[in-house]
Structure formats: C-alpha cells, structure tokens
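Colleague: I am new to this structure and would like to go through it step by step. Please show it to me before I ask anything.

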Amino acid sequence: MIRQPFPLFIPGVRVTANVMNARNPRLVMMDNHFVINNTTTLTDTPLSFEMDGNAIYAYKLFISYTTSSSADLVYAWRTTPGVTPARFTHSNARDVPSLNSGAKSIHRRPSTTTPIFAGGSGVNNFHSAKEEGTFITPPGGGSATLQVAQATADASDTTIYGQNTNTFVVYERIE
Amino acid sequence: MAFPQWRPGMILTSDRMNARNLYTVIQASDQVLTSETETYCDIEYELEANAVYEYTMLISYSAVRSGSGGAALGWKWDVPTGARVERFTSSYVQNPDSGVSSGALIIQRRPATTTLVQAGGSDTSSPPSNYHSAYDRGVVLTYTTPGMLRLQVSKFSSGSNPILRGGNQTRLLIRRIK
C-alpha cells in the first residue's frame, strides 16, 4: 500500500513559502549533556520536537552516550496521546566488555514507551545507538520527547551527550 | 546529477515538484510465512526507466530461533529486467539467544538483488511474539525497462513459521534521486 506523499502538488496550486518549506528535513539536537545516576525511572531529556496533525513523519535518532556496564542505558519516547511511532531500533546488548570489543546487537520493533537497552562499557567510552522509522500524528498534532534511564540503578553517571550535534533527531514530514 | 534537475527559465510543474517526494509503502497486515518458496507481500513500488532511487526497507518480524525448532524470515527483491538493487543489509543470525532484548550476532551483508537474506527471531515457541527489526538499505538502479520493485519473503528453512509484521510495522521509504 503506497501512502500519499507530502506535500503533494497539483496543477494550478499556488506555490507558497510554507509549502516549499514543508518538506525540509529538520534537525533537533540537545544543547547540553544530560546526566543521570541512581535511577531506573525514565526521565525526559531536552530532546523534544513538535509535529503537525494528521501527518506522517520519517525520522532518524542518533544517541551518543557513555555508561558503565553495570548500569547500561535504556531509552524510550514520551508522546502526546495519539502520536505513535513505528520504531526500528539498533543498539548494543547489555554489559559490553570494552570500547572496541564489539557486542551483540539488539534489533527491535518496540512500542512507544518500551525501554530499549543500550549497553555500555565504561563511563569514558562513547557508544552509539540508532533508531529510525515513522511517526503518525492525531488531528491535533503533538510532540515526542526522548526519555532515558539506567537499566540498573548505579551510582556512576550515565551521560547522553549534547552539543556539537552529538545526540540528535532528523525528521521530515512525508504525508 | 540530482533529480529533478532545475534550470533557469524552466516552468514549475506539479510533476517536477512532486518528483522528489519521499514515498512510504506499508505492509497492511501480518503475513505468516508457511513456505520456503518466496512469495510477494504488500511492499511494492513502481519504478521508472533509467532512474536511481534511494531506499530504506524497515522489516518488522517475529520468528522462533532455529535452536527451538523455528525458521528465520528470508527476504529478497524482484525487479524489472535490467534493474538491480545495491543492498546493504543488517539482520539477526538464525539462532540468537532467547529473549527479545538479549541481542544477537548480526549479519552485515552486501547481497545481490535476488539473494535471500535471513533474519532470525528470539522466540522459543510458536507462534512467535517478539517483534524484531531487520534492515535493507541502498539504491535501486533501473535500465530501459520500467516496472515494479517487489519485496519477496519466505520461510528461510524448515521449522515453525516466521511472521512478517503488518499495520504500523513493516515499511519501505523510497525516493527518486536521479
């Protein structure tokens, strides 16, 4: 089943700045690092974006993080009711031995609020997790906010990196 | 050269404005794969001749691990004469650890258009219920013959049936770039 693309131009339609801008990919990044410890409760990060109503967006999420292998990271979305992603996730399994040891990967298609593990190998080792897919929105539109927690509560810091486009979302309206 | 290519003085037509849209093709409902012979699903898209498309195939599926008597999902492409898919795939091996979040060894391949690629599941009993993802990205190049790009799926080996997930699940994102 092929969905109708956005914006769809038809002969005679006026080309406005709004229409021309509508399909531009948009970048949302975190301005600062986000640090958590001693918690397994999902917490809002500053990474949040708004979407129009009755729309479909394609998105890619890139998470830059450090965490100890005893804590590990989990992440999920908090959305306005009706804002529903089709998430396709790719992340390290838990308890990564070391920075360049490699690890098993988790490929999932989870629901909106399902915490996804992203394993770490130490508080100074930068790893990455990726997610892509689509968001469908209800008539009133709404927002999506990235949430994070530790998989196991630990005194060491788990850090989601901001600045310099470390952790970011690129999204564009496609319907 | 990018597509569509704009030149000074050109008339702005709706066809050209629409030409670069990103299209979504979705699998409407679950499809249980009962045969080792490849079959079509809902993922299909009409290709123009002498064109290049960039695509991302996001596959949502469930399968029982081979060590528990299950079969992986297999997938490949069917294209018009002369066309080819330059594929870059990432998927689970056939027999990962059980558990939806255990993780697995990953197969990173650059297979031919019609090479069947496997994606294993983490369930231990049938029907499987763990939702996993597999990825196929790259470009599609067509020659002089236009026609349909079609995803073909199958049960990769003997064993209990894998499921290609539909609804807000499996989807193809594709756009013409040349």
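Predicted model: local features only at pLDDT ≥ 70, side-chain atom pairs only at ≥ 80, totals over all residues.

Colleague: Among contacts in chain B between residues at least 6 apart in sequence, what percentage join residues at least 24 apart?

Modeller: Chain B has 178 residues, of which 42% are buried. Its C-alpha atoms fill a box of roughly 65 × 30 × 25 Å along the principal axes. For contacts between residues at least 6 apart in sequence, the share joining residues at least 24 apart is 82%.

Colleague: How do the residues on the side of chain A that touches chain B divide into nonpolar, polar and charged?

Modeller: In the contact between the chains, 31 residues of chain A meet 32 residues of chain B. On the chain A side, strand 4 (56-67), strand 6 (84-92), strand 7 (105-108) and strand 9 (122-136) each supply at least two residues. The chain A side divides into six charged, six polar and 19 nonpolar.

Colleague: Does Trp77(A) count as buried or exposed, and why?

Modeller: Trp77(A) lies in strand 5 (residues 73-79) of chain A. Leaving out residues up to four places away in sequence, Trp77(A) touches several residues, including Pro85(A), Thr112(A) and Leu146(A). A residue is buried if 20 or more other C-beta atoms lie within 10 Å of its own. Because Trp77(A) has 24 C-beta neighbours inside 10 Å, it counts as buried.

Terms used. Residues numbered from 1 in each chain as written. Chains lettered and ligands numbered in written order. Buried ≥ 20, exposed ≤ 12 C-beta atoms within 10 Å, placed from the backbone. Contact = placed C-beta atoms within 7 Å. Helix = DSSP H or I, 4+ residues; strand = E, 2+ residues; numbered from the N terminus. Nonpolar A, V, L, I, M, F, W, Y, C, P; charged D, E, K, R; others polar.
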